[in-house]
Amino acid sequence: MTGGGPALHGADAAAPVGDHAQAARTTRSRAPRLRTVLSLGRVEASRLARSPLVLAGLLAGGVMVWLTIRSPEPLWWNDGWRIGFGQLVLGMAVLAAAQLAAGRARRNAMADLYASFPATAGTRTLAHLAGLVGAVPASLLLMGAAAVVVQLRGAIGAPGVVVLAGGVLLVIAAGAAGIAIGTRFPHPLAGLLGALALFLSSTLFQGGIIWLLPWEIKQDDLGVLPGPLAGYPPAGAHVVELAGLAVLAGIVALAVTVSRGRARGGLATAGILAVAVICLAGAAQLRPIPTTDLNHLIAEVADPASVQRCTTASQVRYCLYPGFGRDLPSLEAPLNQVLAHLPARPDQPLTIRQVVSVDFTQPALTDPTLTHGHSKRQVAQWNAQLRREEPFLNAAALAIYLPVGSWPAAGGQLAGAHFAMALGAAEWAVHLPPATGGLYSSVFLPCVPLNQAREAIAIWLAILVTHPPAGELHDGLHSRGYSIGASVRGTVVPTWAYPGAQYLVSSGPPITAAGYLLANAMTSLPEQKVAHVLKDAWGRWLNWRTTDAQLAAALGIPMPGLPAFLQPHPRRGVSIAPPPSNQQNPPCTT
């Protein structure tokens with residue numbers, strides 16, 4: 001059995017008396033200390049690797065990684081850092097386990113017994129530090145498994161070796177901190193508090209200072225960048241900082257357990273050097289991103305067409321940032337199916353364009369981790385560039401904007417995204433106007449296709465080609481437990497939150513609940529019957545003056561009524577929370 005704890009007086013020498021004391025001192029002087037440390041370290045490493053806490057931390061870390069990478073599009077410059085979230089959870093478990101091991105002797109009231117062993121308290125502490133190797137397999141397993149999952153999901157880009165290595169160092173540094181805590185505070189609660197402090201330290205700050213934290217977990221915008229950005233995050237300097245923190249924690253643990261003055265002096269010198277390395281690494285992480293790199297990013301945000309690669313197929317132009325060509329087949333599938341069901345195709349082409357959703361123009365929303373360290377004048381120039389170039393977004397009237405990092409890889413999320421894309425294409429096909437206002441506009445008031453047959457036709461086409469679950473469609477009438485609406489000519493019109501809307505910036509106007517209910521009723525009819533009615537009078541159905549009731553009559557079905565919770569009040573309109581009274585959406589009349 002091994003243990004640790006603060007050194008007692010004379011802990012560097014055994015306490016027997018007489019001839020036995022002399023024999024003990026002679027034996028100790030001949031024992032190779034390094035061999036003792038390695039032997040004890042192997043035992044501690046084995047105990048740590050098999051610790052239930054570490055195994056639980058490995059499982060929890062894997063869950064954390066999956067929860068953070070499953071929703072957004074797999075991008076290596078984003079997911080590589082997200083894998084570190086799991087390493088943070090594993091590090092918390094390793095910290096608690098290492099604290100329990102280091103405080104074992106005092107916690108079990110066996111400090112005197114351990115002091116009588118040939119191995120000194122300092123030697124046992126070195127063995128605990130060497131035993132942190134036992135946490136490395138769990139960390140490497142977590143990193144490797146997560147990397148395989150990310151790659152199997154079709155990640156864009158290449159893994160960052162330095163970022164991934166930083167996650168392993170984070171686990172080791174957390175274990176060293178646990179040993180430092182355990183040598184002074186043996187109670188198990190101390191380890192739990194240390195693990196909690198490690199987690200909270202990675203969530204409480206914002207701005208450029210976040211990179212000084214053990215592992216930042218909520219403030220960055222890596223997932224919305226069109227590619228890796230140099231110095232964001234500052235992975236190399238952060239690895240140096242973590243290494244310095246691990247060394248410093250080990251020095252603190254040794255300082256508590258070593259009693260010899262000469263050894264303490266050496267530890268003090270090493271501690272000063274470790275602090276200096278940490279400070280230098282911190283200063284490097286606080287350096288602003290080079291202006292040239294941010295200029296390039298702003299140019300990509302303001303004028304995507306200057307860097308994107310475009311291809312045209314079946315009257316649809318797809319413009320994607322370099323490296324995102326993998327998304328093209330998934331984007332084409334729902335659009336091609338909509339086109340195949342149209343009686344006639346529109347004269348004007350449709351554009352599918354990727355955009356960056358980071359808003360640099362509003363001071364309250366500007367990402368301080370990106371603009372940290374740059375002057376207000378420089379930030380104002382970037383804002384002006386964005387606003388100056390934004391009209392191209394409004395000029396591209398027939399376009400669907402796809403935020404970088406939003407397109408799912410597979411599963412139900414991809415099905416929702418396909419529905420949203422199919423609906424956007426169908427709205428283009430029936431000549432519904434796109435939502436007005438650009439990405440950085442403060443006013444965003446799209447028109448509403450109130451009582452227009454073409455709206456129901458667009459929804460029917462999207463349902464026809466994507467086959468979403470009926471329950472998911474109906475849930476859009478009361479999104480997140482409450483009903484939603486738009487104010488048109490002083491009346492609150494209930495609207496429908498369609499699946500996958502979050503994956504697009506905006507593809508068209510709000511969808512009314514009445515339009516969805518009519519489209520849902522249309523799905524109960526044979527497809528050939530609906531197609532025949534639409535084909536015979538396609539131009540009429542595209543006219544904004546053609547009503548829902550006229551379409552229902554042509555199909556021979558009754559006009560569906562609104563559910564009870566959406567029924568209008570005789571004087572107050574619909575009994576749902578309306579938008580602010582000064583915001584009025586115009587009806588779509590083009």
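1. Among the elements of the protein, helix H8 (residues 136-152) has the highest mean pLDDT, at 96, while S9 has the lowest, at 42. Please keep in mind as you read on that this is a predicted model.

2. Taken over the protein, the pLDDT averages 82, and 82% of the residues score at least 70. Two stretches call for a careful eye. Over residues 1-31 the pLDDT stays under 50, and the model has 52 contacts beyond four places in sequence for them. The pLDDT is also below 50 over residues 569-578, a stretch with 18 contacts in the model beyond near neighbours in sequence.

3. How many disulfides does the structure hold? There are two. With bonded cysteines counted along the chain, they follow the pattern 1-2, 3-4.

4. Are its two ends buried or exposed? Cysteine 310 counts as partly exposed because its relative accessibility is 32%, whereas cysteine 319 has a relative accessible area of 0% and is therefore buried.

5. The other disulfide is formed by cysteine 447 and cysteine 588, whose sulfur atoms are 2.1 Å apart. The torsion about the S-S bond of cysteine 447 and cysteine 588 is about 90°, so this disulfide is right-handed. Which parts of the chain does the pair tie together? Cysteine 447 sits in the loop between helix H18 (411-429) and helix H19 (453-466), and cysteine 588 in the segment after strand S9 (573-574), so the parts tied together are 141 residues apart in sequence. Both cysteine 447 and cysteine 588 are buried. When you look at this region, remember that S9 is the element with the lowest mean pLDDT.

6. Finally, do have a look at the sheet made of three strands. It is open, runs in the order S5-S6-S7, and its pairing is antiparallel. Which strands lie at the edges? They are strand S5 (485-488) and strand S7 (511-512), each of which pairs on one side only.

7. Within that sheet, S5 pairs with strand S6 (residues 491-496) over four bridges, in the antiparallel sense. To find your way around this pairing, look for alanine 486, which stands opposite valine 493 in S6.

Notes
Residues numbered from 1 in each chain as written. Predicted model: local features only at pLDDT ≥ 70, side-chain atom pairs only at ≥ 80, totals over all residues. Heavy atoms only, no water. Disulfide = S-S within 2.5 Å. Buried < 20%, exposed > 50% of the residue type's maximum accessible area, 1.4 Å probe, protein only. Helix = DSSP H or I, 4+ residues; strand = E, 2+ residues; numbered from the N terminus. pLDDT = per-residue confidence, 0-100. Contact = heavy atoms within 4.5 Å. Pairing = 2+ DSSP bridges.
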